[in-house]
Amino acid sequence: NVGDVARTTVSGLDDCPYLDKPDGMQMKMQEGDVDIAAYTDSVYYHVPQTQTIHSPQGEIGIAADNDCAVVWNAWERDVNMADMGAGNAKGYLCVERGEVFERAFVLPAGGSYRSSMTLS
C-alpha cells in the first residue's frame, strides 16, 4: 500500500536495463528514479542489491540477492485483487525481486534453489 502511486517513486534502479512490457516488450535504460504515471509492468535486469519505495505512506526498503526486479501497477485497469478490493489500482505498487524470463532457473526433479528478500 503506497497511498497514491502517482506520488510514489522507486530508487535504486538507475542505469539498469529494463523490459517495458506495455510498450511492446522494448528494452530500455532507466534514468533516475522510477515514476509511475500509467499502467506499468517492467522487468529490470542487473539490479543492485537494494531498492527503496518512496511513497506518501513512507519508505519501504527492499534487499535481495536476485539479479532482477519486477515493478508493476495496473493503474486504470480493473484487476479486483481480493486483498485490495476493486477500484484500488492506484493505491499499491509491486516491486518483486527474482530471476525472470531468460534469467529463470530450470530445476531438475528434486532440485532446489534458495533466495531471500528483506523488507524494511
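**Entry 1: the model.** I am working with a predicted model.

**Entry 2: strand S9.** I started with S9, which covers residues 94–98.

**Entry 3: the partner of S9.** Next I looked up how S9 pairs with S8, the strand of residues 68–73. The two run antiparallel and share five bridges. I also found Gly 98 of S9 standing opposite Cys 68.

**Entry 4: the largest pocket.** I then turned to the largest pocket, which holds about 190 Å³ of space. Its lining counts 14 residues, and Tyr 18, Asp 20, Asp 35, Thr 40 and Ser 42 are the closest to the centre. Which strand supplies the largest share of this lining? I found that S5 does, with four residues. S2 (17–20) and S4 (34–35) each supply at least two. Sorted by class, I noted eight nonpolar, three polar and three charged residues in the lining of the largest pocket.

**Entry 5: the second largest pocket.** Here I noted a volume of about 150 Å³. Among the lining residues I found Asn 1, Ile 60, Cys 94, Glu 96 and Met 117. By class, the lining of the second largest pocket has nine nonpolar residues, one polar and one charged.

Technical notes. Residues are numbered from 1 along each chain as its sequence is written. This is a predicted model: local features need pLDDT of at least 70, side-chain atom pairs count only at pLDDT 80 or more; totals for chains, interfaces and linings use all residues. Side-chain values use heavy atoms; hydrogens and water are left out. Buried means under 20% relative accessible area, exposed over 50%, partly exposed in between (1.4 Å probe, protein chains only). Two strands pair if DSSP finds at least two bridges between them. On a 1 Å grid over the protein atoms alone, a cavity is a set of points where a 1.4 Å probe fits but cannot get out, and a pocket is an open set with protein on both sides within 12 Å along at least five of seven lines; lining residues have an atom within 4 Å of a point. Grid points are joined across faces, edges and corners, and a volume is the space filled by probe spheres set on the points. Ala, Val, Leu, Ile, Met, Phe, Trp, Tyr, Cys and Pro count as nonpolar, Asp, Glu, Lys and Arg as charged, and the others, Gly among them, as polar.
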